[in-house]
Amino acid sequence: MGRFKRKQSNSVPGLNLASMPDLIFTVLFFFMIVTHMRDVDPKVQYNVPQGTELTKEVNKNGLVYIFIGKPVDAQGNVVSDDVRIQMGNRYVTLAEIGDEIAKERSRLSEEDQQRLTVSIRADRDTEMGIINDVKQELRKAGALNINYSAEKQVKKESVKQ
């Protein structure tokens with residue numbers, strides 16, 4: 001009778017990489033869902049003021065952002081002390097605000113045109129006169145729903161001594 005010899009190998013078996021594509025696509029899908037892409041890159045520096053009674057905007061379809069602040073370069077350095085108004089990805093003057101609102105309104109559906117909301121993100125050091133001028137131009141353009149962006153006010157606890 002013949003004897004069967006077992007091959008004994010001292011090497012480690014190779015890794016099974018069959019599930020690697022599944023893992024990669026799962027992670028890719030997770031990042032695609034979680035990541036929020038910006039529509040508009042701010043070209044002005046703005047530090048929003050603090051508020052106490054804040055609500056979060058739910059309707060993002062009919063929302064137009066207006067940034068008001070000092071212009072910055074690509075690295076975020078302030079270029080000048082003049083206050084600029086930004087809509088979309090470009091600077092606008094007060095006279096151009098009505099035209100820009102009309103362009104944004106034409107891009108929206110009929111239902112969203114009725115609910116068009118303008119969100120003003122102004123620097124906390126911006127003079128109120130500029131914000132009032134922007135509001136007057138928005139009123140002329142028929143954009144009457146306006147909200148102001150702010151951050152939640154942090155309550156400072158007093159220290160008892």
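Biologist: Is Phe-30 buried, partly exposed or exposed in this structure?

Modeller: Buried means under 20% relative accessible area, exposed means over 50%, and partly exposed lies in between, with a 1.4 Å probe and protein chains only. Phe-30 has a relative accessible area of 47%, so it is partly exposed. Phe-31 is also partly exposed, at 47%. The model is predicted: local features need pLDDT of at least 70, side-chain atom pairs count only at pLDDT 80 or more, and totals for chains, interfaces and linings use all residues. Residues are numbered from 1 along each chain as its sequence is written, and side-chain values use heavy atoms, with hydrogens and water left out.

Biologist: How many aromatic pairs are there, and how is such a pair read?

Modeller: A pair of aromatic rings is described by the distance of the centres and the angle of the planes. Rings of Phe, Tyr and Trp (its six-membered ring) pair if their centres lie within 6.5 Å; planes under 30 degrees apart count as stacked, over 60 as edge-to-face and the rest as tilted. The count here comes to 2 aromatic pairs. In one, the ring centres of Phe-30 and Phe-31 are 5.4 Å apart and the planes stand at 65 degrees, so this pair is edge-to-face. In the other, the centres of Tyr-65 and Phe-67 are 6.2 Å apart with planes at 25 degrees, so this pair is stacked. Tyr-65 is partly exposed, with a relative accessible area of 24%, whereas Phe-67 is buried, at 3%.

Biologist: What is the bridge partner of Phe-67 in E6?

Modeller: Helices (H or I, at least four residues) and strands (E, at least two) are DSSP runs, numbered from the N terminus, and two strands pair if DSSP finds at least two bridges between them. The partner of Phe-67 in E6 is Arg-121. Strand E3 (residues 63-71) pairs with E6 in the parallel sense over 6 bridges.

Biologist: Why is strand E6 described as largely enclosed?

Modeller: Of the 6 residues of strand E6 (residues 117-122), 5 are buried, so the rest of the structure largely encloses this strand.

Biologist: Which residue of E7 is the bridge partner of Thr-117?

Modeller: The partner of Thr-117 in E7 is Asn-145. E6 and strand E7 (residues 145-148) pair in the parallel sense over 4 bridges. From E6 the chain passes through helix H4 (residues 128-141) to E7, in a right-handed β-α-β crossover. Right-handed means that, with the strands pointing away from the viewer, the path from the first strand over the helix to the second runs clockwise.
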